Amino acid sequence: MPAFAARDLAPKLTALITAGMICLSTTPLLAADEDAAPKGAAVTVLKAAKSCFANIVEVSGTIIPREETQVRPERMGLKVTEVMVDAGDSVSAGQVMAKLSPPEGGSISVQAPVAGVISASTASVGAMASAKGEALFSIIARGEFDLVGMVPTRDIQKLQVNQTARIKVIGAGEVDGKVRRLSTTVEPNSQLAQVFVGVTTNRRLLVNSSGRAQIKTGQSCGVAVPLTAILYGSAGTVVQVVRRARVETRRVETGLMAAGQVEITSGLQEGDIVVARAGALLREGDPVRAVTASADAK
């Protein structure tokens, strides 16, 4: 019986030994495949690149006439007999705007002392006019306007006369402008200073309409990343950089901002691989698989 059992077990033992050898030979291959497989979460990254930012000072304010001339007759007791112009009309210097009659008869012409736009008129046929009464006409000299606004003290230091501006006026769209005058004093309670920005346009502007000027005071060029790549927290301002397939947290200093991009003044170099959308789920040293952002995704 024992000899018979050994003969029966021999084929089975051979099969088991062969299977074990196959398993041993394939185990290193499986381990190698596991080591080659990427680890960590996939994150979208981009390279920190150089960009230029315009240093802009914004001035919000009101459109007012730069110079307004009041027109009255030179003598008393005159009656308006004819009115040739009305508010909103443009007039040239010397143009007759109305005619008046004195008590003794005859006619006196009222002429525009300057060219410009009539902003207001009280002249009406039959009304009385005098040198000390209400002005018959108010003329915005040469049709020139200013945007008058207030800016913080830190911004007034950046402004200079003749700096160009782009002004958005409610009801009139965008117009060009230039810094014309800067206040030499600061309002003590608000610590704001007054700025006069001359408006350059042929469009008809409404007095007291609101406007906002953007004045370019300089330009700064440096490394930039999207706003989404920045985290703000108790540790300060940071970005997450991928280096050797792991996350590194970098503390940075930021500068100007425009069109969703933020200037990095320190803490980052051009070419650094940055997580495009930084998040609290990523920690220092976490393994990640970097996926480069497409041009459309930036």
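Thr-237 is found in strand 17, which covers residues 236–243. The structure is a predicted model, and the protein chain has an average pLDDT of 85.

- Thr-237 has a relative accessibility of 17%, and because buried means under 20%, Thr-237 counts as buried.
- Leaving aside residues up to four places away in sequence, Thr-237 touches Ile-230, Leu-231 and Tyr-232, and also Arg-250, Arg-251, Val-252 and Thr-254.

**The pairing of strands 17 and 18**

- Strand 17 pairs with strand 18, residues 246–251, in the antiparallel sense, and the pairing runs over 6 bridges.
- Within this pairing, Gln-240 has Thr-249 of strand 18 as its bridge partner.
- The two strands form a hairpin with 2 residues between them, and Arg-244 in this hairpin takes a positive phi near 55°.

**A nonpolar patch on the surface**

- Three residues, Leu-227, Tyr-232 and Met-257, form a nonpolar patch on the surface.
- Together, the residues of this patch have about 330 Å² of accessible area.
- Leu-227 lies in the loop between strand 15 (210–226) and strand 16 (230–233).
- The relative accessible area of Leu-227 is 36%, so Leu-227 is partly exposed, a class that lies between the limits of 20% and 50%.
- Tyr-232, a member of the patch, is also one of the residues that Thr-237 touches.

**Gly-116 in strand 8**

- Gly-116 belongs to strand 8, which covers residues 116–121.
- With a relative accessible area of 7%, Gly-116 is buried.
- Val-91 is 25 residues away from Gly-116 in sequence, yet the C-alpha atoms of the two residues are 5.6 Å apart in space.
- Beyond four places in sequence, Gly-116 touches Asp-89, Ser-90 and Val-91, as well as Ile-139, Ile-140, Ala-141, Arg-142 and Gly-143.

**Confidence of the prediction**

- In the protein chain, 85% of the residues have a pLDDT of at least 70.
- Confidence is highest in strand 6 (residues 96–101), at a mean of 96, and lowest in helix 1 (residues 2–36), at a mean of 45.
- Over residues 1–7, pLDDT stays under 50, and the model has 0 contacts beyond four places in sequence for this stretch.
- Residues 12–37 likewise stay under 50 in pLDDT, with 0 contacts beyond four places in sequence.
- Where pLDDT is low, predicted coordinates should not be read in detail.

Key. Residues are numbered from 1 along each chain as its sequence is written. This is a predicted model: local features need pLDDT of at least 70, side-chain atom pairs count only at pLDDT 80 or more; totals for chains, interfaces and linings use all residues. Side-chain values use heavy atoms; hydrogens and water are left out. Helices (H or I, at least four residues) and strands (E, at least two) are DSSP runs, numbered from the N terminus. Buried means under 20% relative accessible area, exposed over 50%, partly exposed in between (1.4 Å probe, protein chains only). Contact means heavy atoms within 4.5 Å. Two strands pair if DSSP finds at least two bridges between them. Patches are made of residues with over 30% relative accessible area and no salt bridge: like charges are joined within 9 Å, nonpolar side chains (Val, Leu, Ile, Met, Phe, Trp, Tyr) within 5 Å. Accessible areas come from the Shrake-Rupley method with a 1.4 Å probe; for residues, only the protein chains shown count as cover. A salt bridge is a side-chain nitrogen of Lys or Arg within 4 Å of a carboxyl oxygen of Asp or Glu. pLDDT is the predictor's confidence in each residue, from 0 to 100.
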